[in-house]
Amino acid sequence: MRNCYSFSELIKTVYALAMTKLTVPGARLIRRPVYIRGKRSLGGCVGLTTGRFCRFDLEGRKKTLWIGPDCEFGDLTHIVAHDKVKIGSHVLAASKVFISDTSHGAYKGTNQASPSVIPGKRQYAVKAVIIGNNVWIGENAVILPGARIGSGSVIGANSVVTGSIPENCIAAGAPARVIKIWDKGRGWISANAGK
């Protein structure tokens with residue numbers, strides 16, 4: 001299918017392409033406006049395409065966000081990487097996806113955040129996020145600190161990933177649970193088949 005751009009959309013795209021080559025040379029197209037705080041922490045990005053209003057909040061001193069080759073992020077994708085967010089190759093994220101390795105305070109284990117401390121003043125709790133290759137993340141999905149998503153998986157729209165999702169499955173819900181798995185002989189089958 002061929003894109004049919006209006007004249008004004010064509011001008012915006014040409015401008016975004018020129019700015020992409022100046023600011024993130026390996027990327028394919030980063031549409032404007034975009035917000036990148038701590039650009040030194042950004043790595044990879046070969047063939048990256050983003051929609052408008054994407055936001056990357058990064059640590060700024062060391063590499064904390066790695067984006068593999070040929071990823072595509074929709075409008076309003078927001079990624080927070082203060083420790084480590086690693087995104088594999090060919091990842092497709094719809095619009096309004098939130099991925100973060102950081103939380104304002106710890107809410108389990110030792111040294112939990114006290115509700116008497118203002119949320120913005122609570123000590124960050126960070127835990128790496130790893131997303132495999134060929135992952136599709138649906139609209140409005142939220143990927144929280146410590147999440148692991150296996151290669152070939154699909155995360156349903158409006159899902160919240162809090163833990164590990166295995167390879168080659170479809171997960172949905174809040175928190176996200178595996179609902180289908182890939183079987184080479186039968187295709188996508190219910191995760192409860194055979195139980």
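Guide: Start with the pocket lining: Ser103, Gly105, Ala106, Tyr107, Lys108, Ala125, Val126, Lys127, Leu144, Pro145, Gly146 and Thr162 line the largest pocket. A pocket is an open set of points on a 1 Å grid over the protein atoms alone, where a 1.4 Å probe fits, with protein on both sides within 12 Å along at least five of seven lines; lining residues have an atom within 4 Å of a point. This is a predicted model: local features need pLDDT of at least 70, side-chain atom pairs count only at pLDDT 80 or more, and totals for chains, interfaces and linings use all residues. Residues are numbered from 1 along each chain as its sequence is written, and side-chain values use heavy atoms, without hydrogens and water.

Visitor: What volume does the largest pocket have, and which classes make up its lining?

Guide: The lining has six nonpolar, four polar and two charged residues. Ala, Val, Leu, Ile, Met, Phe, Trp, Tyr, Cys and Pro count as nonpolar, Asp, Glu, Lys and Arg as charged, and the others, Gly among them, as polar. Volume is the space filled by probe spheres set on the points, which are joined across faces, edges and corners. For the largest pocket that is about 370 Å³.

Visitor: How many aromatic pairs does a search of the whole structure find?

Guide: Rings of Phe, Tyr and Trp (its six-membered ring) pair if their centres lie within 6.5 Å; planes under 30 degrees apart count as stacked, over 60 as edge-to-face and the rest as tilted. The search of the whole structure finds two.

Visitor: Why is the pair of phenylalanine 56 and phenylalanine 73 edge-to-face?

Guide: The ring centres of phenylalanine 56 and phenylalanine 73 are 6.5 Å apart. Their planes stand at 75 degrees, so the pair is edge-to-face.

Visitor: Are phenylalanine 56 and phenylalanine 73 buried or exposed?

Guide: Buried means under 20% relative accessible area, exposed over 50%, partly exposed in between (1.4 Å probe, protein chains only). Phenylalanine 56 has 1% and phenylalanine 73 has 4%. Phenylalanine 56 is buried, and phenylalanine 73 is buried.
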